Amino acid sequence: MIEAKNVSKSFGDNLVLDEVSVKFEPGKCNLIIGQSGSGKTVLMKCLVGLFEIDSGKVLYGDRVFSKMSFDEMKMIRQEIGMLFQGGALFDSMTVEENVMFPLSMFTNQTPAEKLERANFCLSRVRLENANKLFPAEISGGMKKRVAIARAIAMNPKYLFCDEPNSGLDPLTANVIDILISEITREYNITTVVNTHDMNSVIEIGDRISYIHKGKLWWQGNNESILKSDNPELNEFVFATELTRKLK
Amino acid sequence: MVEIDNLGLDSVGIVAFISTFMGAVLCIQMAFNIDTPLVPLYTIGFVTRQSVVLEFSPTIISLILAGKVGSRVASELGTMRVTEQIDAIEIIGINPATYLIFPKVVAAVLINPILILMSMIMAIFGGWLAGVTTGLVASSTYIYGIKAFFESYDIVYAMIKTVVFAFLIVSISGYHGFYTKGGALEVGTSSTKGVVHSSIAIIVFNLILTQLLLS
Ligand SMILES: Nc1ncnc2c1ncn2[C@@H]1O[C@H](COP(=O)(O)OP(=O)(O)OP(=O)(O)O)[C@@H](O)[C@H]1O
Ligand SMILES: [Mg+2]
């Protein structure tokens, strides 16, 4: 379980997160939704310690993550897999080297074992035959899938995905959603997913937190979200014709 | 090591080219400045060697490397920063500064002395080529000058400067690249800052080291 307690974060006088408290449970896909610029990425980066929070706490189980030194964080980070919004693949490495990178750093596996694990992860994101290509040589959606493969390479206990299916076609997006929800259950991972894609919300939203104006505005799941009477949430959820038809 | 390749071998061509031509120019200038028979002609070789070893190769070539290597290091790290690759390294649990900058510093500190030695040889050769082909100085006279009053401490002094400059170039431009904020535009700014600041540092440390080592 990951918990944020009264987390606030501002950049200059731009208050992005205002006393946000939220829990993320293991074995579930915990979704953070909200409009573009609402602070989803900032919240996720606060959770993993890439941004220092101004006040509040971040807990991993009973470990107070937000107060840790770099070396203490290191231990927890080896249990974290993260998919960045832009992929963040290492562009000097091939696809398979990218996926093997965390393994090379923290395991004593032989090259053959690492390769086998990398191939397994790549096949889970349906990406075979691209092993030897460089990030500059593959499409945006393929990059995203390689980044997911890298994020799951170490069998993480905590998985963070920042917009895993933005820029993907509906079919691939759905494959990714299902993959994330499958491994979450299979390995009892605490998964946190940022998204503004209503398809994902309906498909995998076990727990949904709606961020609005820097605050946690609403919480629920993929059933209650369609029945809420919160006006700001409804504006977000029923923004398109397709979702209006669901109602 | 990839870094040695990127930071060093890549610069062999430009260093050799500039050194040969500069050595040639030095030699010709010296020859034209000596117009009294009181100064022996081997002075041309001697002065060319001294200028090359003490100042031209370690300082000027380091400045050129600051432009080439510094901008490369700063823009590489800057791009990694703005595309979140540095964040990705940190998330995996690795200290990105140590992981990315340290090997580059080591590579430069190892490879630059070799480049500078090569530069010295090329410059002295360039001087010989110019002197002999223009008939300003005889080959044997020039070579006699090259060997005259040789002190090995001069080489030590040059190598100390080179190593310090190599460290300055990579750490300063690495710093600017690593702490880039923003996007492509800022990567350009970091790269410029890396080159300018490391060049200034070289000039300042050149004076300090010369004062410390030669006086
Ligand atoms: N490094 C930063 N420095 C300053 N301000 C920032 C920084 N990162 C984000 N912000 C600000 O924080 C706010 C929230 O940004 P964030 O990236 O979290 O949005 P988001 O919800 O992830 O949007 P999107 O769905 O478009 O990815 C924005 O107003 C942005 O300007
Ligand atoms: Mg975002």
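1. In this predicted model, an N or O atom in the side chain of A:Lys40 lies 2.8 Å from an oxygen atom of ligand 1. Considered on its own, ligand 1 exposes 630 Å², and 64% of that area is buried by the protein. Two elements of chain A, β2 (14-24) and α1, each give two or more residues to the shell around the ligand.

2. Backbone atoms also take part in the contacts with ligand 1. A backbone N or O atom of A:Gly37 is placed 2.8 Å from an oxygen atom of the ligand. For A:Gly39, a polar backbone atom lies 3.0 Å from an oxygen atom of ligand 1.

3. The shell around ligand 1 numbers 15 residues, and the closest are A:Ser36, A:Gly37, A:Lys40, A:Thr41 and A:Gln85. By class, the shell holds nine polar, four nonpolar and two charged residues. Helix α1 of chain A supplies three residues, the largest share of this shell.

4. Because A:Thr41 belongs to helix α1 (residues 40-48) and A:Gln85 to the loop between β6 (80-83) and α3 (95-106) of chain A, the pair ties together parts that lie 44 residues apart in sequence.

5. A:Thr94 is buried, with a relative accessible area of 9%. Leaving aside residues up to four places away in sequence, A:Thr94 touches A:Asn131, A:Lys132, A:Leu133 and A:Phe134.

6. Chain B contains eight helices and zero strands. Its elements, read from the N terminus on, run α-α-α-α-α-α-α-α. The C-alpha trace of chain B spans about 70 × 35 × 30 Å along its principal axes. Of the contacts in chain B between residues at least 6 apart in sequence, 84% join residues at least 24 apart.

7. How much of chain B is buried? Buried residues account for 49% of the 215 residues in this chain. The accessible surface of chain B amounts to about 9,800 Å², and 73% of it belongs to carbon and sulfur atoms.

8. B:Pro58 is located in helix α3 (residues 42-82) of chain B. This proline is buried, its relative accessible area being 0%. Not counting residues up to four places away in sequence, B:Pro58 touches B:Val52, B:Val53, B:Ile116, B:Met120, B:Ala158, B:Lys161, B:Thr162 and B:Phe165.

9. How far apart in space are B:Pro58 and B:Glu90? Their C-alpha atoms are 36 Å apart, and the two residues are separated by 32 residues in sequence.

Methods
Residues numbered from 1 in each chain as written. Chains lettered and ligands numbered in written order. Predicted model: local features only at pLDDT ≥ 70, side-chain atom pairs only at ≥ 80, totals over all residues. Heavy atoms only, no water. Helix = DSSP H or I, 4+ residues; strand = E, 2+ residues; numbered from the N terminus. Near = heavy atom within 4 Å. Polar contact = N/O pair within 3.5 Å; in protein donor to acceptor, adjacent residues only side chain to side chain. Areas by Shrake-Rupley, 256 points an atom, 1.4 Å probe, with all protein chains shown as cover. Nonpolar A, V, L, I, M, F, W, Y, C, P; charged D, E, K, R; others polar. Buried < 20%, exposed > 50% of the residue type's maximum accessible area, 1.4 Å probe, protein only. Contact = heavy atoms within 4.5 Å.
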